[in-house]
Amino acid sequence: MAIAHVRNSFELIVNAPYETAARLFAPVAERQWAGEDWKPEFLFPRPERDCEGAVFTLRRGGRESVWINTRFDLEARRFQYVYFI
């Protein structure tokens with residue numbers, strides 16, 4: 001088994017008002033536009049919602065990943081996820 005640790009960050013510029021665009025990049029809302037392979041299954045919270053502390057799994061390309069939302073602060077404009085494949 002190969003073990004790897006990768007750290008990525010990026011800045012995304014969207015040509016829309018922040019108040020409109022920001023909510024579209026949360027896991028529940030992203031289903032509206034991200035394509036058929038974006039099907040997060042929430043472990044927490046139940047019922048599912050976009051929030052800090054959310055944990056969900058995602059199956060893509062024959063792999064399963066576990067995602068944790070470690071920062072979700074719309075006011076401060078900060079979002080952060082950690083995920084494991």
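Modeller: With burial. Buried means under 20% relative accessible area, exposed means over 50%, and partly exposed lies in between. Keep in mind that this is a predicted model.

Biologist: Then is Phe56 buried or exposed?

Modeller: Phe56 has 0% relative accessibility, so Phe56 counts as buried. Trp67 stands at 15% and therefore counts as buried too. Across the chain, 22% of the 85 residues are buried.

Biologist: What secondary structure does the chain hold?

Modeller: The chain has 2 helices and 4 strands. Along the sequence the pattern reads α-α-β-β-β-β. The C-alpha trace spans about 45 × 30 × 25 Å along its principal axes.

Biologist: Now the rings. How many aromatic pairs are there?

Modeller: There are 9 aromatic pairs in the structure. Take Phe25 and Trp33: their centres lie 5.3 Å apart, with 65° between the planes. An angle over 60 degrees counts as edge-to-face, and this pair is edge-to-face.

Biologist: How accessible are Phe25 and Trp33?

Modeller: Phe25 is at 34% relative accessibility, so it counts as partly exposed. Trp33 is partly exposed as well, because its relative accessible area is 45%.

Biologist: What kind of pair do Phe56 and Trp67 form?

Modeller: Phe56 and Trp67 are stacked, with 15° between the planes and 5.7 Å from centre to centre. Phe56 lies in strand β2 (residues 55-60) and Trp67 in strand β3 (residues 63-73), so the pair ties together parts that are 11 residues apart in sequence.

Biologist: Which residues do ring pairs link into a cluster?

Modeller: The cluster consists of Trp38, Phe42, Phe56, Trp67, Tyr81 and Tyr83.

Biologist: And which residues make up the largest nonpolar core?

Modeller: A core gathers buried nonpolar residues joined through side-chain atoms within 4.5 Å. The largest one here has 7 residues: Trp38, Phe42, Cys51, Ala54, Phe56, Leu58 and Trp67.

Biologist: What does Cys51 touch, leaving out residues up to four places away in sequence?

Modeller: Cys51 touches Pro45, Asn69 and Phe72.

Biologist: Over which ring does the charged end of Arg77 sit?

Modeller: Over the ring of Tyr18, at 4.0 Å from its centre.

Biologist: How do I read contact range and surface for the whole chain?

Modeller: Take contacts between residues at least 6 apart in sequence: 14% of them join residues at least 24 apart. For the surface, the chain exposes about 7100 Å². Carbon and sulfur atoms supply 51% of that area.

How values were computed. Residues numbered from 1 in each chain as written. Predicted model: local features only at pLDDT ≥ 70, side-chain atom pairs only at ≥ 80, totals over all residues. Heavy atoms only, no water. Phe/Tyr/Trp six-rings, centres within 6.5 Å; stacked < 30°, edge-to-face > 60°. Buried < 20%, exposed > 50% of the residue type's maximum accessible area, 1.4 Å probe, protein only. Lys NZ or Arg CZ within 6 Å of the ring centre and 35° of its normal. Contact = heavy atoms within 4.5 Å. Areas by Shrake-Rupley, 256 points an atom, 1.4 Å probe, with all protein chains shown as cover.
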